[in-house]
Amino acid sequence: MSNMNLTLKIWRQAGPQDKGQLVTYRVTDISPDMSFLEMLDVLNEELNAKGEEPIAFDSDCREGICGMCGLMISGHAHGPEKTTTCQLHMRSFKDGETITVEPWRAEAFPIVRDLVVDRGAFDRIIQSGGFISANTGAAPDAHAAPVPKDKADRAFMAAECIGCGACVAACPNASGMLFMGAKITHLGELPQGQPERDARVVSMVNQHDHEGFGGCTNIGECSTACPKGIPQDVISQLNKDLRTAMKNGR
Amino acid sequence: MTDKTTDSGSGSTAASMFNGMYTEGARIHDQKAPDGPIEKKWTRRKFEAALVNPANRRKMSVIIVGTGLAGGAAAATLGEAGYHVKSFCFQDSPRRAHSIAAQGGINAAKNYKEDGDSIQRLFYDTVKGGDYRSREDNVYRLAEVSANIIDQCVAQGVPFAREYGGLLDNRSFGGVQVSRTFYARGQTGQQLLIGAYQALERQVGAGTVEQFTRHEMLEVIVDGEGEDRRARGIIARDLVTGEIQTHLADAVVLASGGYGNVFFLSTNAMGSNVTASWRAHRKGAYMANPCYTQIHPTCIPVSGEHQSKLTLMSESLRNDGRIWVPKNREDCDKDPRQIKEEDRDYYLERIYPAFGNLVPRDIASRQAKNVCDEGRGVGPVVGDFRRGVYLDFADAIKRLGRAAVEEKYGNLFDMYARITGENPYETPMRIYPAVHYVMGGLWVDYDLSSSIPGLFVAGEANFSDHGANRLGASALMQGLADGYFVLPNTIRDYLAKVPTSDLTEDSPAVVEARQAVAERTERFLAINGDRSVDSFHRELGNIMWEYCGMERSEEGLLKAIDLIRGLRDEFWRNVRVLGAADTLNQSLEKAGRVADFLELGELMCIDALHRRESCGGHFRAESQTEDGEALRHDDEFAYVAAWEFTPPSGEQEGVGAGMGAPVLHKEDLVYEFIELKQRSYK
């Protein structure tokens, strides 16, 4: 595959209160082996050389696990492949293509600058109950409570969530329920997670709604966009746990 | 901490040899580890450490910089204990810290397999693996608390791999002979970090921890002089608003990770940096063994000049993959499947018949470099030669079947395919070593206190446990040991005794620190030169990789020091940082980090230059056996090199003035419980 020339329409916004707009840039001689973010690095070096301020975007580990990066690429969260933006490579695009690049779009994720958003709402949902209360030093031996393998595997599957927010960005309702359902399922499958199970789901749902995320209407864009393939049934689990908690008088 | 006797020892000849590159100061030694049998020391220290009454804890404040395994665990634990904690990270959430990227596993002396493991054996393996350059007391304690870590993590809901009976599974890792590694597929770091993160967020919700995300520590506040000086807080920049903030506290903990990004290309995250440690170093904290770098053999090779970082693949791949290069240079650009068996050089199997492809990381890395330097590397030409060797699974697929290989390594093969666009089931993978971890870091005593009282250092940011080479699955163990179990027990001794402070935002020490940050920020924006921050960083990385990477020599290191000084000088004249100080400005953030790397790089080279022996990850060309293996010199170099910062002299003052000749303080390594041996893998 030979190198490419591309047209980029990128969202620029100076600050949270400023008006933003799509700005058109052209990049040339882009190697198909570059990652999408490396392509943006190249553009930023060119902008800097011309005296224009580089485009702000988030990334850290660049190996698909920290969850810091995340862009809407031509309308798809993390772009055309099922992966994180940092693991998307330019070989997924064609020479001459026009690519639109926007930040995550959701009321609960306000824009900080350009392509950077504030995902603090996710931290606050975890603060409200996304944990098992086990103070340091108070733990019994690790083998004290065996976990059946099917439950351990399902807990692990749900625990793979990287908190990137693609589910919210992809959802027409900007719902955070896949993120929340993943945590509810992870902790709810384990014996250690049982004592707080009812309280956890009620607190987390309250915080989720308070942050301005929408409700789930079973569209499934979240799971499709999720780079870790968290299945939609974690939302069913969330609803089931919520119903049980309500029945138990929470 | 430092004793008063001045050294008149052997190092002075080397000192004069390098023409005033450094000077030698008083020897130091750890004064916190109690005497007596090694297995009783930690219990004794915990008993002797003073207590803080629960009612007094909420009046005491601790700042923790970094939210990885060490920082996150420490913040959660101190919050649970009732202290007032302020937790800082530069990322948008504590959960992004780079501990998250660790794949393989975490060691613990649980002996669940009944295969002969014990605290004693984990202690021994770690000291040997570190090539006898770590402190016995610290390593023993690490092995001792390792079992508690697993209990703690399971209680938090960390989903470790389990067997069908519901009990935890273990695997053997990194060439050790017992199965003591706990894991969660290839995402162990992620699961452990999320466990610590959730414990931390619980304390944020409970109000004991205040969380400052997108905040970067840019200066430590040190009050007082000499023996009475104490760390009393930090200056941080709010990366969103640009506000320069003062945060005062009774103690400061740096858990800010390693500095592998001084090489520009590494497996570290883009934001990983040395700034917190380096600012503390400039204020008097000693930097220990900065040249000890771990270069991991199984990373995906560089594909071109655009490369921004390197990706590691778990070294478990070496269990079944065979490493080779063509015997003849003419074959290097051929399709590897067309190269006949007799024209292949399985060089690790040839040189090390006993260990073959499973030799330790440092050896596998150096041999890959050697064959590529000979012109027998494969893959694209980067710079002026091919930087890659084959890791071939054809035999394993023949022997085990494709399904079995997929079951074991499927996620790694997928990752490789996604990054390179090649199918590793059909054509051999290409791998090349990459900088992965640094064993060096700020000097700490047994209590994890730096040489500035009140400034503690935990996790990869300190130097304490891995000696000159870290074993696989030991970084996660050390981070969590420091954060959950060591620091919370030792810092209370300090907090119980620290005099109350009348320091305010207007005190001279605070004003001076804040002004220094403001001046530096203004300078970056005012230079308005021709070159981007990244271009300087990339050039520094090339110098470090070439001369202070897998093989170091006196000639190369002297050249590197010259080049770094020149580059640093140009940086402060010619860097271009656009934008403003009062908004999110990622170029400005990077400029500060690269400015510090430009000083650290020089110190790493000086450290590498003075250590005229090969040990662990530090290979000196002048110190090898007849067959080209590393040769240690225990008679001369069985010590920790702790470096003290010296400000530049004469006319060079103020922002960007660089550094004077550092002062070397030696801490002798005394081996009471383990006998020193030369490593051999032949």
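Predicted model: local features only at pLDDT ≥ 70, side-chain atom pairs only at ≥ 80, totals over all residues.
Start with chain A as a whole. Eight helices and seven strands make up its secondary structure. Its C-alpha atoms fill a box of roughly 60 × 40 × 35 Å along the principal axes. Of its 250 residues, 53% are buried. Take the contacts in chain A between residues at least 6 apart in sequence: 71% of them join residues at least 24 apart.

Now pick one helix, α8(A), which covers residues 233-247. Its length can be checked. The helix has 15 residues, and at 1.5 Å a residue they should span 21 Å. The end C-alpha atoms are 21 Å apart, so expectation and model agree. Which residues of α8(A) are buried? They are V234(A), I235(A), Q237(A), L238(A) and D241(A). Seen down the axis of α8(A), these buried residues fall within an arc of 155°, so they line one face of the helix. An α-helix has 3.6 residues a turn, so residues three or four places apart point the same way.

What does the buried face of α8(A) pack against? Its buried residues pack against three helices of chain A: α3 (149-159), α5 (177-188) and α6 (197-210). The other side of α8(A) carries the exposed residues R243(A), M246(A) and K247(A). After the helix comes G249(A), with a positive phi near 85°.

Next, the nonpolar core. The largest one holds 278 residues. Within it, V168(A), V253(B), L254(B) and L442(B) touch the most other members. Helix α17 of chain B, residues 586-610, gives the most to this core, with 13 residues. Not counting residues up to four places away in sequence, V168(A) touches W104(A), A106(A), A108(A), F109(A), A174(A), S175(A), G176(A), F179(A) and F213(A).

The two chains also meet directly. In this contact, 63 residues of chain A face 58 residues of chain B. On the chain A side, the elements that give two or more residues are α1 (36-50), β6 (111-113), α2 (120-129), α3 and α5. The largest share, six residues, comes from α2(A). By type, the chain A side divides into 27 nonpolar, 20 polar and 16 charged residues.

Move on to chain B and R361(B). An unreviewed UniProt entry annotates R361(B) as "active site". This arginine sits in helix α10 of chain B, residues 361-376. Is R361(B) buried or exposed? It has 26 C-beta neighbours inside 10 Å, so it counts as buried. Leaving aside neighbours within four places in sequence, R361(B) is in contact with Q294(B), H296(B), P297(B) and E315(B).

The last stop is M217(B), in strand β7 of chain B, residues 215-223. M217(B) counts as buried because it has 26 C-beta neighbours inside 10 Å. Beyond its neighbours within four places in sequence, M217(B) is in contact with V65(B), F88(B), I234(B), A236(B) and A276(B). R237(B) lies 20 residues from M217(B) along the chain, yet their C-alpha atoms are separated by 6.5 Å.

Terms used: Residues numbered from 1 in each chain as written. Chains lettered and ligands numbered in written order. Helix = DSSP H or I, 4+ residues; strand = E, 2+ residues; numbered from the N terminus. Expected span 1.5 Å × (residues − 1). Buried ≥ 20, exposed ≤ 12 C-beta atoms within 10 Å, placed from the backbone. Arc of directions from axis to C-beta. Contact = placed C-beta atoms within 7 Å. Core = buried A, V, L, I, M, F, W, Y, C linked by C-beta atoms within 7 Å. Nonpolar A, V, L, I, M, F, W, Y, C, P; charged D, E, K, R; others polar. UniProt positions renumbered as here; feature names shortened; annotations may be inferred.
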